[in-house]
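The sequence and the structure come first.

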Amino acid sequence: MLYTTYGDTAALAENWPAMRRWVEWALATARDARHPSRVERSAEPLAHEEFVWDGSFHWGEWLEPKERAADGSLIDPVMSDPMAWYLADKGEVGTAYLFRSVRTLADVARVLGHAGEAARYRETAERVRRAWRTEFLDAEGRTKAGTQASYVRALAFELVPEDLRERAARHLVALIDAAGGHLGTGFLSTADLLPVLADSGHPDVAYRVLLQRSSPSWLGMLDRGATTIWEDWDGVSEDGTATASLNHYSKGAVIRFLHTHTLGLRQEPASAGWESFVVAPVLDETITWATGTFDGPRGRIAVDWRAEDGHLTIAVEVPGGSEARIRFPDGSTFHTGPGRFSRRRPIN
């Protein structure tokens, strides 16, 4: 992230040995340790299990919304059965992050000029991705875990094959609909939930979840008196008892969606140091304007858009050394260099 934001390779070079040691440890753990459920399935590991990271403990998708008992009380999945929680198979999560880590390391190697290691880690990442698909995804785009978090992670990390992405996104939407328009994500996947929905063709669902007022939801926290975003969706009980952190980045990471999708400001995928960026607001009928600035390494980027009378007006300030691509909902796209840009187009 430091490199992508500032275009400076110093942090990558400094941390390259540690990143490589971490990934090699994780790969070795995936190869040498197996979850008991897979040992029970097959005494000898199946071929793909070399790249399934399931044999060491981690917290998994921590703090998803809690279920309620018949009397309405919340069920704590850890305290209600601690051993079941600790011994549960969290291989879907671990293997997904193993793929993400190895692929990131390959990208770092490429940037630092380590061509041989970049190629080796790219191939290893593909083998991890194939193992994840073999173990945790079926031919209909359904994840084995079947949770909102598992679909968000699979789509955000590009674990799902291109021809199954639309189906996987529909499965995610179906889970949200079944939950009455509520999210079901926890510590790891909440930040990616709304971007995944919007980018997979369901911006209406993303905004429905964003603006949901009954719990679990962000606005549900605010309606219960929160001035910060809690770590736990049920961070304050009805009697006022607080649990976990009451000011936490995991659920608060939703702010990224407001920058990248509502405001519409994102760096282009191949860019570093904000050499090029895109402004493409994702509209919703309940939101008629957005304005924001970002002080990047090349200077201030300013975006302001207004929707009125069936038209969208986008104004952008591009700093020196940067270029911008402005995309309107009607599909029209404009490129501009440094300076001020303003254009008005029909929304539909």
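## Helix H7 and its surroundings

Helix H7 is followed by Glu-158, a residue whose phi is positive, near 60 degrees. The model is predicted. Glu-158 is not a glycine, yet its phi has this positive value. Glu-158 belongs to the loop between H7 and H8. With a relative accessible area of 41%, Glu-158 is partly exposed, because partly exposed covers the range between the 20% limit for buried and the 50% limit for exposed.

H7 itself is mostly covered, with eight of its nine residues buried. The buried residues are Gln-148, Ala-149, Ser-150, Tyr-151, Val-152, Arg-153, Ala-154 and Leu-155. They pack against helix H5 (91-112), helix H6 (115-136), H8 and H9.

The contact with H9 can be described in more detail. The axes of H7 (residues 148-156) and H9 (residues 190-199) come within 9 Å and cross at roughly 65 degrees. The two helices are therefore roughly perpendicular to each other, since the range of 65 to 115 degrees counts as such. The crossing of H7 and H9 is left-handed. On the H7 side, Val-152, Leu-155 and Ala-156 take part, and they meet Asp-192, Leu-193 and Val-196 of H9. By class, the contact of H7 with H9 holds five nonpolar residues, no polar ones and one charged residue.

One of the helices packed against H7, H6, contains Thr-124. This threonine is buried, with a relative accessible area of 13%. Beyond its neighbours within four places in sequence, Thr-124 is in contact with Leu-27, Phe-51 and Val-102.

## Helix H10 and helix H13

The buried residues of H10 are Val-205, Ala-206, Tyr-207, Val-209 and Leu-210. These pack against helix H8 (165-178), H9, H11 and H13.

The axes of H10 (residues 203-210) and H13 (residues 255-263) come within 13 Å, with a crossing angle of roughly 140 degrees. That makes H10 oblique to H13, because only angles over 145 degrees count as roughly antiparallel. H10 passes H13 in a left-handed crossing. Ala-206, Tyr-207 and Leu-210 of H10 make the contact with Phe-257, Leu-258, His-261 and Thr-262 of H13. The contact of H10 with H13 has five nonpolar residues, two polar residues and no charged ones.

H13 also contains Ile-255. This isoleucine counts as partly exposed, at 45% relative accessibility. Ile-255 and Ala-139 are 116 residues apart along the chain, and their C-alpha atoms are separated by 34 Å.

## Loops on either side of H11

Pro-216 lies in the loop between H10 and H11. The peptide bond that joins Ser-215 and Pro-216 is cis, with omega about 0 degrees.

The loop between H11 and H12 contains Ala-244. Although Ala-244 is not a glycine, its phi is positive, about 60 degrees. Ala-244 counts as exposed, at 51% relative accessibility.

Asn-247 is placed in the loop between helix H11 (218-223) and helix H12 (249-252). Its relative accessible area is 58%, which means that Asn-247 is exposed. Leaving aside neighbours within four places in sequence, Asn-247 is in contact with Thr-228 and Ile-229. Asn-247 and Thr-227 are 20 residues apart in sequence, and their C-alpha atoms are 8.6 Å apart in space.

## Gln-267 in strand S1

Strand S1 (residues 265-267) includes Gln-267. Gln-267 is buried, with a relative accessible area of 16%. Its side chain makes a polar contact of 2.9 Å with the side chain of Ser-271. A polar atom of the Gln-267 side chain also lies 2.7 Å from the backbone nitrogen of Trp-274.

## Accessibility of the residues described

| Residue | Relative accessible area | Class |
|---|---|---|
| Thr-124 | 13% | buried |
| Glu-158 | 41% | partly exposed |
| Ala-244 | 51% | exposed |
| Asn-247 | 58% | exposed |
| Ile-255 | 45% | partly exposed |
| Gln-267 | 16% | buried |

Definitions and conventions: Residues are numbered from 1 along each chain as its sequence is written. This is a predicted model: local features need pLDDT of at least 70, side-chain atom pairs count only at pLDDT 80 or more; totals for chains, interfaces and linings use all residues. Side-chain values use heavy atoms; hydrogens and water are left out. Axes are lines fitted to C-alpha atoms, for helices over the stretch in contact, and angles run from 0 to 180 degrees between N-to-C directions. Helices (H or I, at least four residues) and strands (E, at least two) are DSSP runs, numbered from the N terminus. Angles under 35 degrees count as roughly parallel, over 145 as roughly antiparallel, 65 to 115 as roughly perpendicular and the rest as oblique. A crossing is left-handed if the near helix is turned anticlockwise from the far one by less than a right angle, and right-handed if clockwise. Contact means heavy atoms within 4.5 Å. Ala, Val, Leu, Ile, Met, Phe, Trp, Tyr, Cys and Pro count as nonpolar, Asp, Glu, Lys and Arg as charged, and the others, Gly among them, as polar. Buried means under 20% relative accessible area, exposed over 50%, partly exposed in between (1.4 Å probe, protein chains only). A polar contact is a pair of N or O atoms within 3.5 Å; within protein, one must be able to donate a hydrogen and the other to accept it, and residues adjacent in sequence count only if both atoms are side-chain atoms.
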